[in-house]
Amino acid sequence: MEISIHKNNIQEAATRIWNFAKGEKVWAFYGEMGAGKTTIIKALCAFLEVREPVSSPTFSIINEYQSPIAGTLCHMDLYRLKDEQEAVQAGVEDCIYSGNYCFIEWPEKAPGLLPHSFAEIKLEFIRENERSISVKIHH
Amino acid sequence: MISILAIESSCDDTCAAVCSDAKILSNVIANQEVHAKYGGVVPELASRAHMRNIVPVVDEALKRAQLSLNDMDAIAFTQAPGLLGSLLVGAQFAKSLSLVLNMPLIAVHHMQAHVLANLIGEKKPSFPFLCLTVSGGHTQIVKANSPLDLEILGETLDDAAGEAFDKSAKLLGLPYPGGPLIDKYAKEGDPLKFTFARPLPEGINFSFSGLKTSVMYFLRDAQKNDPEFLQMNMQDLCASIQYTIIEILIKKLIRASELTGIKEICIAGGVSANSGLRKAIEKTGKEKNWNIYIPDFQYCTDNAAMIAITAYYKFREGQFASLKDSPSARALW
């Protein structure tokens, strides 16, 4: 699925992405700094009726939220990690294989930890307030 | 007299402190310089280093306080939030001591402790006061009604202020930690030279993610036309970025003060070391007739003295933890 989204219709896009990819528990979000990874995850969490503040896990590495629709959600950011071993030590692997929904920013830091089957979400810059998003399911 | 040994290991520093009542007798910090070369705190290195540091740090804290473990009335530790592996080291150490010495255990929330760091020392705010806590992982405005009755009025919806400094520094090609370098270069730059996005969400909440994105696009375009742009404008860029972050913080602090009518204003957290922020708060304080409180620098960054002072107030209220209380990476307040 490929869509281009404007900041103003991000909620609508989040709904479409959810319906397309909800069969997968692990979602890997690719895109450079400022591409909007945290922003689209915030929109997804808003759609999933998460009540807690959804903020960047760059510092905390793993945030956990509760959603009445999706259950426990792990929001991870591997930006500060060096490799897979460190991701394992930080508890990333435990989350990925917990059966909970996992939204992972900077998954390229630990590609070997991704399960066989996952949703790949790529964000690209078009212009200010506009991004293209491609969603692909890997089996 | 109540004496407490406090341990803080939520992130990259291993800290221990001893207090007698509300007086801090020692405050020891073992910094893990190893992280700088990786561009950030590395969780595994952090927890391993905590294990290596914790015994000598606790020993040193007791030695400087001229007390022994048996003189203590309670053992306190940081329960949340932080890196789980790091928190566990401090928590297990504190629990073991509490069990062996048969002393009460006190679990402390790191963010509450940052606010109460303002109660260390001679010049204390009177209640109720407002505290702007700014660090690498947090940005909050808290209303303190009493030592243990704190209320979060606003917090960041995305990136923390410290993260905005560090990520902007990375975009500028500066080494980690970038915040202090931005502060240094900003002193020689023009804060109004460049304008960046200034997201101001409703109410007292903060947002810094748009600022980071705006810096990124600005640099990308500017470097397309002039590959030397970064080097030629480093001071002005740092000054303008710092000015923008501080302006966002101050605007929200003013709003919080207007909404609550409180003029006792404190700052806390590692970013309160930023000289631009200190100046801006003092200037605003003069204009608005605020009483400004900034803890000593050693009590602003992560430290165990703030855990000790918080534990002292919890001790007085009989708020003890059990051995079953485990640390949490992200506990709600």
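This is a predicted model: local features need pLDDT of at least 70, side-chain atom pairs count only at pLDDT 80 or more; totals for chains, interfaces and linings use all residues.
Contact here means heavy atoms within 4.5 Å. Lys167(B), Ser168(B) and Leu171(B) on the H4(B) side meet Lys212(B), Val215(B), Met216(B) and Leu219(B) on the H6(B) side. Sorted by class, that contact comes out as four nonpolar, one polar and two charged residues. Two packed helices are described by the angle between their axes and the distance between the axes. For H4(B) and H6(B) the angle is about 10 degrees and the axes are 10 Å apart. Angles under 35 degrees count as roughly parallel, so H4(B) and H6(B) are roughly parallel to each other.

Chain A has a helix pair of its own. H1(A), which covers residues 10-21, packs with H2(A) at an angle of about 75 degrees, and their axes are 9 Å apart. The two are therefore roughly perpendicular to each other. On one side of the contact sit Ile10(A), Gln11(A), Ala14(A), Thr15(A), Ile17(A) and Trp18(A) from H1(A); on the other are Thr39(A), Ile40(A), Ala43(A), Leu44(A), Ala46(A) and Phe47(A) from H2(A). Nine of these residues are nonpolar, three are polar, and none is charged. H2(A) also has its buried set: Lys37(A), Thr38(A), Ile40(A), Ile41(A), Ala43(A), Leu44(A) and Cys45(A). Just past the end of H2(A), Glu49(A) takes a positive phi of about 60 degrees.

Back in H6 of chain B, Ser214(B) is worth a look. Its relative accessibility is 16%, so Ser214(B) counts as buried. Setting aside neighbours within four places in sequence, Ser214(B) is in contact with Phe196(B) and Ala197(B). Helix H5 of chain B (residues 178-186) has buried residues too, namely Gly178(B), Gly179(B), Leu181(B), Ile182(B), Asp183(B) and Ala186(B). These buried residues of H5(B) pack against H4, helix H7 (229-260) and helix H8 (275-288) of chain B.

Cys266(B) belongs to strand E9, residues 264-268, and is buried, with a relative accessible area of 0%. Not counting residues up to four places away in sequence, Cys266(B) touches Asn118(B), Pro125(B), Phe129(B), Leu130(B), Cys131(B), Leu132(B) and Tyr293(B). Its C-alpha atom is separated by 16 Å from that of Ile204(B), 62 residues apart along the chain.

Asn118(B), for its part, is in the loop between helix H3 (110-116) and strand E6 (129-134) of chain B. At 3% relative accessibility, Asn118(B) counts as buried. With neighbours within four places in sequence left aside, its contacts are Lys123(B), Lys124(B), Pro125(B), Cys131(B), Cys266(B), Ile267(B), Ala268(B), Tyr293(B), Ile294(B) and Pro295(B). Of these, Pro295(B) is 177 residues apart from Asn118(B) in sequence, yet their C-alpha atoms are 5.5 Å apart in space.

Most residues other than glycine have a negative phi, and most peptide bonds are trans. The loop between H3 and E6 of chain B also holds Pro128(B), and the peptide bond from Phe127(B) to Pro128(B) is cis, with omega near -5 degrees. Another cis bond runs from Ala80(B) to Pro81(B), with omega near -15 degrees; Pro81(B) is in the loop between strand E4 (74-80) and helix H2 (84-101) of chain B.

Positive phi values show up in chain B loops as well. Asp21(B), in the loop between strand E2 (13-20) and strand E3 (23-31), has phi near 50 degrees and is partly exposed, with a relative accessible area of 25%. Asn289(B) has phi near 60 degrees and lies in the loop between H8 and strand E10 (291-293). At 60% relative accessibility, Asn289(B) counts as exposed.

How values were computed. Residues are numbered from 1 along each chain as its sequence is written. Chains are lettered from A and ligands numbered from 1 in the order in which they are written. Side-chain values use heavy atoms; hydrogens and water are left out. Axes are lines fitted to C-alpha atoms, for helices over the stretch in contact, and angles run from 0 to 180 degrees between N-to-C directions. Helices (H or I, at least four residues) and strands (E, at least two) are DSSP runs, numbered from the N terminus. Angles under 35 degrees count as roughly parallel, over 145 as roughly antiparallel, 65 to 115 as roughly perpendicular and the rest as oblique. Ala, Val, Leu, Ile, Met, Phe, Trp, Tyr, Cys and Pro count as nonpolar, Asp, Glu, Lys and Arg as charged, and the others, Gly among them, as polar. Buried means under 20% relative accessible area, exposed over 50%, partly exposed in between (1.4 Å probe, protein chains only).
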